[in-house]
Amino acid sequence: MHTYDYSVEIAAPIEDVFAFDSDPENWAKTMPSLKNLEIIDETDDTVTLRATQHVLGQSIPVEMVRTIEDPNTRFVVSVEGEGTSGEVENRFVETETGTRIDHHSEFEYGDSLLDRIMEPIVARFNNRMFRTHLEHTQDLLEAEHAAETTIEA
C-alpha cells in the first residue's frame, strides 16, 4: 500500500476552496493526466464518474465516487481502475489567512506481472500528481481571489 500526505495553505475563503476542489469538473484543470471525465450519476453529496488517467503513455480507465462527508470540511474519493484501487481524503481547515487543505490518500496496485513492474513508477507518478494538484489548486484560487479583491477595490 502506498500512502500520500500533503498540505497546502490557500489565501481564499474555505467555502470557495471546498467548492472548487470538491467539483470533479475542476480536477482536469489541476490534474492534467486525468482525461475524458464523464459524470455518470450525481446527488447532493455524491458524484460517480469515469475518467481516463494517462500514465507514461498508458491510458488507464478509472471509476471514481466523490462523497462529501461534511460540507466545507471533508470529502472522500474512492478510485477503482485496472490494476489500482484507493481512496483520497481531503480535509479543509479555516486558517488566519484562508484555508488549509490536508490531503491523505492510500492506493494499492495490482498483482499481475505488469502491475508489479509498473508499481514503483505509478507510485512516483501519483505522488507527483497529488502534490501538483494541490499546488495548481492554490495557484488558480489565489489568482481568482486576488482578481476579485482588485475588482472590488
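1. Let's start with a term: a residue counts as buried under 20% relative accessible area, exposed over 50%, and partly exposed in between (1.4 Å probe, protein chains only). Phe18 has a relative accessible area of 5%, so Phe18 is buried.

2. A quick word on what you're looking at: this is a predicted model, where local features need pLDDT of at least 70, side-chain atom pairs count only at pLDDT 80 or more, and totals for chains, interfaces and linings use all residues. Residues are numbered from 1 along each chain as its sequence is written, and side-chain values use heavy atoms, with hydrogens and water left out.

3. Now the aromatic rings. Searching the whole structure turns up six aromatic pairs. Rings of Phe, Tyr and Trp (its six-membered ring) pair if their centres lie within 6.5 Å; planes under 30 degrees apart are stacked, over 60 edge-to-face, and the rest tilted. One of the pairs is Tyr4 with Phe130, a tilted one at 5.4 Å centre to centre and 55 degrees between the planes. Tyr4 sits in strand S1 (residues 2-10) and Phe130 in helix H3 (residues 113-152), 126 residues apart, so this pair links distant parts of the chain. (Helices, H or I with at least four residues, and strands, E with at least two, are DSSP runs numbered from the N terminus.)

4. Are Tyr4 and Phe130 buried or exposed? Tyr4 is buried at 4% relative accessibility, and Phe130 is buried too, at 5%. Together with Phe107, they form one aromatic cluster.

5. Back to Phe18, whose partner is Phe92: the ring centres are 4.9 Å apart and the planes are at 75 degrees, so the pair is edge-to-face. Phe18 lies in helix H1 (residues 14-21) and Phe92 in strand S6 (residues 84-95), so the pair ties together parts 74 residues apart in sequence. Phe92 is buried, with a relative accessible area of 5%.

6. Next, the nonpolar core (a set of buried Ala, Val, Leu, Ile, Met, Phe, Trp, Tyr and Cys residues joined through side-chain atoms within 4.5 Å). The largest one has 36 residues, and Trp27 and Met64 have the most contacts inside it. Helix H3 gives the largest share of this core, eight residues. Trp27 touches, among others, Leu49, Met64, Phe75 and His133, not counting residues up to four places away in sequence; contact means heavy atoms within 4.5 Å.

7. Finally, look at Glu25 in helix H2 (residues 24-30). Glu25 is exposed, with a relative accessible area of 54%. Leaving out residues up to four places away in sequence, Glu25 touches Leu37 and Ile39.
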